[in-house]
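Please review the following briefing alongside the sequence and the model. The points are grouped by topic.

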Amino acid sequence: MGRVVVIGNAGLDLGLAVPHLPRPGETLVGSPSPRAPGGKGLNQAVVAARYGARVTFCAPLGNDEGEAKEIERHLSREGFDSLILPRLPYPTDFSLLMVLPNGENSIVSTSACSLALTFEQARPALSDLTTDDVVLVQGNLLLETTSAILAAAPRSIFNPAPFWPGAEKLVPQANIVIANRIEAEALGPALDRVAIAIVTSGAEGCRLGERSFPAEKIAAVDTTGCGDTFCGVVAAALAQGASVESAIGVAQKAAALTATRPGAFAALPSRDELKSIRLGA
């Protein structure tokens with residue numbers, strides 16, 4: 001049984017429920033939700049650990065003691081095999097999540113801290129890798145750093161979110177790419193150059209090559225975090241020996257559960273919930 005190595009970002013999420021996205025020059029009043037740890041890297045690592053995988057998580061934190069310590073406290077409760085959290089001379093990253101009445105969301109994130117992570121700082125997370133291990137990266141790091149991580153990984157998943165121009169050049173380096181429709185369109189023909197491409201489409205399910213996987217039928221409350229849940233479960237299931245098709249099936253169930261609850265971190269499935277999904281209960 002392999003382990004999951006997640007190298008990405010960690011920050012704080014600030015959420016607002018809004019009637020619609022603000023138009024140019026418009027000021028909206030939103031209903032706030034409690035701030036919580038977040039970042040695509042953090043969420044995916046937490047889900048993989050809760051699924052039961054042995055997880056190493058590497059992410060940079062800033063030089064603001066309050067925010068960085070708050071994230072460290074949350075992560076210390078998640079049962080990671082290893083935490084590598086270099087402190088960098090920048091503010092800890094944060095995200096503003098705007099959630100619409102139908103559960104759809106838009107997210108704006110800062111990235112100075114995550115973009116400053118170097119490959120040398122991430123290298124300790126990649127030690128002693130085997131072909132059973134899965135390395136999971138997102139779009140939060142510099143393209144050069146992400147490229148070096150993918151080159152060092154015997155088996156890798158690339159989730160190009162947020163999408164940066166040039167990410168399409170990294171696709172051939174990954175074994176698996178997980179992208180939503182918008183990211184897949186941005187990747188264009190490059191997506192044909194990866195061995196396994198999974199394209200997610202929310203309520204319409206996902207696609208693996210020409211094969212479609214219908215989504216679970218639910219009443220969505222907030223889709224924030226669904227993609228992270230999906231990626232974390234796929235990585236964990238593959239590290240535990242599941243087929244890609246089986247990994248997609250359990251990941252869809254977990255993502256659907258996430259969509260029935262508000263928030264991102266607060267909506268991530270618990271260990272007990274993921275155990276039930278894993279066992280088909």
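Helix H2 has 12 residues and spans 16 Å from its first C-alpha to its last, close to the 16 Å expected at 1.5 Å a residue; the expected span is 1.5 Å times one less than the number of residues. This is a predicted model, in which local features need pLDDT of at least 70, side-chain atom pairs count only at pLDDT 80 or more, and totals for chains, interfaces and linings use all residues. Residues are numbered from 1 along each chain as its sequence is written, and side-chain values use heavy atoms, with hydrogens and water left out.

**Helix H2**
- The buried residues (under 20% relative accessible area, 1.4 Å probe, protein chains only) of H2 are Ala68, Glu70, Ile71 and Leu75.
- These residues lie on the same side of H2, because they cover an arc of only 160° around the axis, taken from the directions from the helix axis to the C-beta atoms.
- The cover over the buried residues of H2 includes S2, S3, helix H1 (40-51), strand S4 (54-58) and strand S5 (82-84).

**Sheet**
- Strands S2 (residues 11-17) and S6 (residues 94-99) run parallel and are joined by 6 bridges.

**Thr223**
- Thr223 counts as buried because its relative accessibility is 19%.
- Contacts (heavy atoms within 4.5 Å) link Thr223 to Gly103, Glu104 and Asn105, not counting residues up to four places away in sequence.

Key. Buried means under 20% relative accessible area, exposed over 50%, partly exposed in between (1.4 Å probe, protein chains only). Two strands pair if DSSP finds at least two bridges between them. Helices (H or I, at least four residues) and strands (E, at least two) are DSSP runs, numbered from the N terminus.
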